[in-house]
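These are my notebook entries on a structure that I consulted for a reader new to it. I began with a single residue and then turned to the wider arrangement.

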Amino acid sequence: MEKNSAPLLEMRNIKKDFFGNQVLTDINLTLREGEVLGLVGENGAGKSTLMKILFGMDVIRETGGYEGDILLNGEKVKFSTPFDALEAGIGMVHQEFSLIPGFTATENILLNREPTKTNVISQIFGSRLSTLDRKGMDRRAQDAIEKMGVKIDPHMVIGDMPVGHKQFTEIARELSKEQLKLLILDEPTAVLTEQEAEALLNSIRSMASRGISVIFITHRLHEILAVCDKVVIMRDGYVVKESPAKEIDVPEITHWMVGREVDAVAAPAEPRSHEGAKNILSVRNLWVDMPGETVRNVNLDVKEGEILGIGGLAGQGKLGIPNGIMGLYEAGGTVEFGGKSLPLNTPRACLDASLAFVSEDRRGVGLLLDESLEWNVAFSAMQIHNKFLKNIGGIIKWRDERAIHKVTEQYIEELMIKCTSSRQKARELSGGNQQKICLAKAFALQPKFLFVSEPTRGIDVGAKALVLEALRKFNRENGVTIVVISSELEELRQTCDRIAIVSGGEIAGILPATRAAEEFGMLMVSKVK
Amino acid sequence: MEHSATIDTRRSTFQVLIRRFGLPRLIIAGFLLLLFIMAPFVGANLTVQILNVINRFSWNAVLVLALVPMIHSGCGLNFGVPLGIVAGLLGGTLSIELGFEGVPSFIMAIVLATPFALLLGTGYGALLNKIKGGEMMITTYVGLSAISFMCMMWLLLPYSSPTMVYGLSGSGLRPTISVEGFYDQVLAGFLEIPVTADQSIPTGTLLFFALLAFLMWAFLHTKTGTAMTAVGSNPSFARASGINVDRMRLLSVIMSTWLAAIGILVYQQGFGFIQLYTAPNNLTLPTVAAILIGGASINKASIPNVIIGTILFQGIVTMTPTVLNSMIHMDMSEVIRIIVSNGMILYALTRKTEGLR
């Protein structure tokens, strides 16, 4: 495969920042013709951003473009739209399907690129009215499907297909483009079954043997080793390791993925052992139907007074756990809280039992964006515990504006929330301050048990530290058991006593927070389906 | 330098004013003011005109108030107001049919309308809970079909009071029924302040509206009212806070329907007639337009919105015919009314994204 000519793709010193937040730093990549490159890294490591740059996605240009050069066959290129990238022979298959459900595979594969026959009308009115060359279409679609080396029915309607076939149809669409030289596959196996994934790997090999280069992004590390020539590992916007696939193994990859330089890590905050404490929450055989975060079979015991972290890769189901227990998504199984059985699918019952939840979907679920901070902080406590209400004549529960104002002011001060007044609308606050309002809302409920989902997602470093500190303090001073769900392992290691890792919709293992990052990394990918 | 600075501050205060008061409201208020200024020049009696506006306000205000609960719970603008009106019409006609007269006839009309309003409101609310997101489209059709259905029923129901049925056949209700001797002016007559020979300030009606408006304001300050507003503001948030979203919405729809029933009875006692068949249709758009002119949005409305909106809208409706007719000798009132009400609704719908939930 080694050739002396210029590599197919070369990326030199790629840099990208989103509003001053550096997400890619000095990325160098080379890819030769017919080579398969595996790109791995934790969520937020910068893989997707790098691919978006390569594919000329609008979001890159809108956020100020990138620095560095992309060379295709030795020539410098700069794509301003995905169409330019397509033109140059780059194809991309995204995680989400972009297919028309009512069309057949053939029609989807060749959409807008159908071979046509001229007819009388099209000769007069132009080529847009040409007749489709059905036979030609079938032939080209069949060719593309054969290139993958799998069997799918080209005449089947997409809506009737299993997920795996949809994925293959997407890939076939890219392959049917004659100019295709480089194919980017962004987690193509995430939705596939074992056999389908195997078939996909075979088709990647067959594409490579035809001279098409592939960039393959996945969380399933053994797939990388099975199919790739070269592995590139990214972390925090840097390429931390580049190695031929033959010379690396799964533990080493996970080490590079999650391991950080020791001096860059704040020491974990004195993790405590709650060995003797009783279980405050016991979860048995929990399943949750949360789209994209399916929980399959979770068994988990939470000790009273601890901070338990739940980590894992995106899409493995860690977010499904709190959302399911708190009744926001359909769930089944048994949950016991403080020895009593907790009914599922009823948010009210959980809140009544003194559980509280800070949702990862801040703007969608966590806040009343168009109402004052006072309402946001006090509302749940008012509705659940009849706090901040004045009783008039024993029947009418009147809103106690003064008490609401007081409690909001108190939390604004305690959590250092930046706002013009407690009557400001929640929409007008920055992400970090919105998150603090969400915490204040949960604190105001004075729960015995608190779920906090992705507490630091999308907020700046300063706010991050404050939010985590507030959680620690709430746990230490009020004795509240807290479960923190986060994609950032480091943050969990700094905050929690124990960390459970979710993989493939199950708990892959629970370790004390002091264990090495690699151990957690191994658990993260252990059951990935 | 100083000079330009003052201009700057002046401009910014003006912009703040526009933003707080709303450009369409300013335009309409300005137009109304212009009409009032022009009135004396075209020979209209200003006192009479102002009294007209006050009276029409008193007839319509409760109907406009009826929109508030559904806006708060996120069901949007209640284009299905005719459903509540139908309940009110049933109450009014039944009260007359049963032979009540004077003040008791009005009380009985409310009492008799209530079960219909609760029943229809419950069904209507259950329907709206099934089609979240498409409320306003459905409410429109609910309103229209309620009217069409009742067009048949008014003919078929076995009413027999001679004041209401067709004289020759002895069955089927007439399109317009006078409430004189029944509840004509029962509210307006209370503590009435006579101003001119045949016009007065309808103190009683205004007080009745004030009472209902106060109750609404009070309700919105209770625990349940707060929950209702939260449901309208962000249903997911409310659900996560343990609120039964569907039940709140149902409650708001029932309240809205009942208030519309009361609203039409108040309207009739002022106007002097019960209007059946397609008449309720003529109230839908003006009611919705009024609250929008008052500054309400699709999921936010307050009592001041109701009051200001009704005054502005009814002001335009009463003043334009008088002033414009004497100016151009052509009846433009209907045209203006339609342009203002439909234009206002259109404007509000385009603003929908601004108050995004």
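**Entry 1: Arg399 of chain A**

I looked up the contacts of A:Arg399 and, leaving aside its neighbours within four places in sequence, found A:Leu389, A:Ile404, B:His221, B:Thr222 and B:Thr226. Two residues are in contact if their C-beta atoms, placed from the backbone, lie within 7 Å. I note that this is a predicted model, in which local features need pLDDT of at least 70 and side-chain atom pairs count only at pLDDT 80 or more, while totals for chains, interfaces and linings use all residues. Residues are numbered from 1 along each chain as its sequence is written, and chains are lettered from A and ligands numbered from 1 in the order in which they are written.

A:Arg399 lies in strand E20 of chain A, residues 396-399. Helices (H or I, at least four residues) and strands (E, at least two) are DSSP runs, numbered from the N terminus. I recorded A:Arg399 as buried because it has 20 C-beta neighbours inside 10 Å. The cut-offs are 20 or more other C-beta atoms within 10 Å for buried and 12 or fewer for exposed, with partly exposed in between; C-beta atoms are placed from the backbone. The C-alpha atoms of A:Arg399 and A:Leu389 are 4.8 Å apart, although 10 residues separate the two along the chain.

**Entry 2: where the chains touch**

How many residues does the contact take from chain A and from chain B? I found 24 from chain A and 16 from chain B. On the side of chain A, helix H12 (347-352), helix H13 (362-366), helix H14 (373-385) and E20 each supply at least two residues. H14(A) gives the most, with five residues.

**Entry 3: nonpolar cores**

I then examined the largest nonpolar core, which has 248 residues; A:Val214, A:Phe216, A:Ala378, B:Leu67 and B:Ala261 touch the most other members. Such a core is a set of buried Ala, Val, Leu, Ile, Met, Phe, Trp, Tyr and Cys residues joined through C-beta atoms within 7 Å. Helix H11 of chain B (residues 245-271) provides the largest share of this core, 16 residues. Apart from it I found another core, of 13 residues, among them A:Ala144 and A:Ile171.

**Entry 4: strand E15 of chain A**

Five of the five residues of E15(A) (residues 307-311) are buried, so I describe this strand as largely enclosed by the rest of the structure. Both faces are covered, with A:Ile307, A:Gly309 and A:Gly311 on one side and A:Leu308 and A:Ile310 on the other. E15(A) pairs in the parallel sense over four bridges with strand E22 of chain A (residues 481-485). E15(A) also pairs in the parallel sense over four bridges with strand E23 of chain A (residues 498-503). Two strands pair if DSSP finds at least two bridges between them. A:Ile307 stands opposite A:Ile482 in E22(A), and A:Gly311 stands opposite A:Ile501 in E23(A).

**Entry 5: an open sheet in chain A**

Finally, I traced an open sheet of six strands with mixed pairing, in the order E6-E9-E10-E3-E11-E12 of chain A. Its edge strands are E6 (90-93) and E12 (238-244), each pairing on one side only. Within the sheet, E3(A) (residues 36-41) and E11(A) (residues 230-235) run parallel and are joined by five bridges. A:Leu37 has A:Lys230 as its bridge partner in E11(A).
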